[in-house]
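Here are my notes on the aromatic ring pairs, written to be read beside the sequence and the model.

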Amino acid sequence: MALTTTPASSILSPIPAPQFFMRPASPADAAALCAIYAPYVRHTAITFEYTVPSVAEFALRMEHTLERFPYILITKVEPNAQSYNLCSRTGESPLPQACPVATGPASFTPLSVAQLVAACPLANEEIVGYCYASPFHVREAYRHAVEMSIYLKEDARQQGLGRLLYQQMEYLLKLQGILNLNACVAFDATNGHDPYLTNASVTFHQKMGYTRCAHFHRCGYKFARWYDMMWLEKILAHPTNCPPFIPWPELQAQAQA
C-alpha cells in the first residue's frame, strides 16, 4: 500500500476509483467512529463493553488518548468526487496521502508526522476504520509500553486497511520512544462454533509480528457465556538505556515548527 503525495495540480481532478486516505482523528470525528464501534459492542465479544458509549463519552475518551498518544483513521473517497478539499497547515503543497489498496501492504511507506498532521478531512469521505494506542498501565515505569486498539467497518475488512493503520501507528509510536506494543484480544475457545467471536484478531496480530505472552481463561462474561482473553506483544526495540517518551502533542509541535 504505497502512500504517495497528491500533486497540487490534481486536486480538482476526478478520482477514477475509490481511494483511501489517512489522517489524524479528532473529537469532531467521534460520531463516525462511535458508529463503527457500536456493532462490535452490540453483536460481538471482540470488546467486553456491554453498552455503546454516547458520542459525548466517546469524544471524551478520544481527548484523553490524544493527550499522550496518536489517534489515526482511514477514509474512503468514492469516484467522481469533485475535489479533495485539502489543506496544509505547513503552507506547503497539500499532503493528504492516497492509498490504493490494490498495491499491496508490502509497498507501504509510513507518512511522516508532518504529512499526517497536515491532512484534513476530505470532501465526500467515508471513515472506514481507526486505530489508537493507550497506556499499558498507569504506573510511570510502564510509560514505554502501550495497548493497541483497532476497529474497521464490516465492509472494510480483508482489504489490508488494518495492516496499513498498524504500520503507520508503529512508526509514530517508535518516534515517541515506545518499545513494547500489547494487544488484549478475546479468544474463541470453541474452535469456530461461537456466533459472537472468531479468532481473526489473534491471526491478524500474529501476522503483524505479535506473539502470545499470556492466556487468561474464562475471565470475560458476555452474551451469557464465558470468554478467554489472550495477550499478545510485539517488541519494537531493546535499547540499553531508556529513551525519552515524547507525548503526541509535543511530537506534532516539533513537526510543525
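1. The model is predicted, with local features needing pLDDT of at least 70 and side-chain atom pairs counting only at pLDDT 80 or more, whereas totals for chains, interfaces and linings use all residues. Residues are numbered from 1 along each chain as its sequence is written, and side-chain values use heavy atoms, with hydrogens and water left out.

2. Tyr-130 is buried, at a relative accessible area of 1% (buried means under 20%, exposed over 50% and partly exposed in between, with a 1.4 Å probe and protein chains only). Phe-58 is likewise buried, at 5%.

3. The ring centres of Phe-58 and Tyr-130 lie 6.1 Å apart with the planes at 85°, so this pair is edge-to-face (rings of Phe, Tyr and Trp, the last by its six-membered ring, pair if their centres lie within 6.5 Å; planes under 30 degrees apart are stacked, over 60 edge-to-face and the rest tilted). Phe-58 sits in helix H2 and Tyr-130 in strand E5 (residues 125–135), 72 residues apart (helices are DSSP runs of H or I with at least four residues, strands runs of E with at least two, numbered from the N terminus).

4. Both residues belong to a cluster linked by ring pairs, which also includes Tyr-37, Tyr-40, Tyr-71, Tyr-132 and Tyr-151.

5. In total, the structure holds 16 aromatic pairs. One of them joins Phe-48 and Tyr-227, whose ring centres are 6.4 Å apart and whose planes stand at 40°, so the pair is tilted. Phe-48 lies in the loop between helix H1 (30–43) and helix H2 (55–66), and Tyr-227 in strand E9 (residues 225–235), so the pair ties together parts 179 residues apart in sequence.

6. Phe-48 is partly exposed at 28% relative accessibility, while Tyr-227 is buried at 2%.
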